[in-house]
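I opened this entry to keep track of what I looked up, in the order I looked it up.

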Amino acid sequence: MDSSGDGGNECAGAAPAGSDESSAPAPAPSPSLVLASAAVGGGAGASGSSGKVKRVMKTPYQLEVLERTYTEDPYPNETVRAELSVKLGLTDRQLQMWFCHRRLKDRSHRQSDSSWRRRFPCQLWCRLLCCHQFHTAN
């Protein structure tokens, strides 16, 4: 199969930085990441982890646009991501990871809903509903 990281596994492209010498240079970090790096002291914070950039939360506006785009298409193509990148000031990689994690969130919610329904069969729900209707009618 393809070992480049984007071979079909949707979140598997997160290889460690500098792991592939032949790849193109990494894109410049977004302005928010540069500011966060400067605020932490260039990455040499109290935790002693050099090179780490503090995570910056998405703004409410960014989240609104991302969620709206996700409802239209959970798998946006390169063109849509490029437009979002310019509009929101996020890198393509940040957008890819946001959409990947959002799909995982949807998937986990669907799985937890179905497992909850399996634990409580329909007969129990029918009894509770009938009992509730009986007590509220009187």
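I began with Arg-81, which is buried, at a relative accessible area of 12%. I count Arg-81 as buried because 12% falls under the 20% cut-off. The model is a predicted one, and I read every value below with that in mind.

I then looked up where Arg-81 sits, and found it in helix H3, which covers residues 78-88. Which residue does the side chain of Arg-81 join through a polar contact? The partner is the side chain of Asp-92, at 2.7 Å. I also listed the contacts of Arg-81, leaving aside neighbours within four places in sequence: Pro-76, Asp-92, Leu-95 and Gln-96.

**Gln-62**

Next I checked Gln-62, which lies in helix H2. Is Gln-62 buried or exposed? I noted it as buried, because its relative accessible area is 10% and the limit is under 20%. Not counting residues up to four places away in sequence, Gln-62 touches Leu-88 and Leu-90.

**Aromatic pairs**

I searched for ring pairs and found three aromatic pairs in the structure. One of them is formed by Tyr-70 and Trp-98, edge-to-face, with 6.4 Å centre to centre and 85 degrees between the planes. This pair links distant parts of the chain: Tyr-70 belongs to helix H2 (residues 60-72) and Trp-98 to helix H4 (residues 92-119), 28 residues apart. Trp-98 also pairs with Phe-99, again edge-to-face, at 5.1 Å centre to centre and with 85 degrees between the planes. I looked up burial for these residues: Tyr-70 and Trp-98 are both buried, and Phe-99 is buried as well.

**Whole protein**

How many helices and strands does the secondary structure come to? I noted five helices and zero strands, and from the N terminus on the order reads α-α-α-α-α. Of the 138 residues in the protein, 15% are buried; Arg-81 and Gln-62 are among the buried residues I had looked up.

For contacts between residues at least 6 apart in sequence, I wrote down that 57% join residues at least 24 apart. The accessible surface comes to about 10700 Å², and carbon and sulfur atoms account for 58% of that surface.

Technical notes: Residues numbered from 1 in each chain as written. Predicted model: local features only at pLDDT ≥ 70, side-chain atom pairs only at ≥ 80, totals over all residues. Heavy atoms only, no water. Phe/Tyr/Trp six-rings, centres within 6.5 Å; stacked < 30°, edge-to-face > 60°. Helix = DSSP H or I, 4+ residues; strand = E, 2+ residues; numbered from the N terminus. Buried < 20%, exposed > 50% of the residue type's maximum accessible area, 1.4 Å probe, protein only. Polar contact = N/O pair within 3.5 Å; in protein donor to acceptor, adjacent residues only side chain to side chain. Contact = heavy atoms within 4.5 Å. Areas by Shrake-Rupley, 256 points an atom, 1.4 Å probe, with all protein chains shown as cover.
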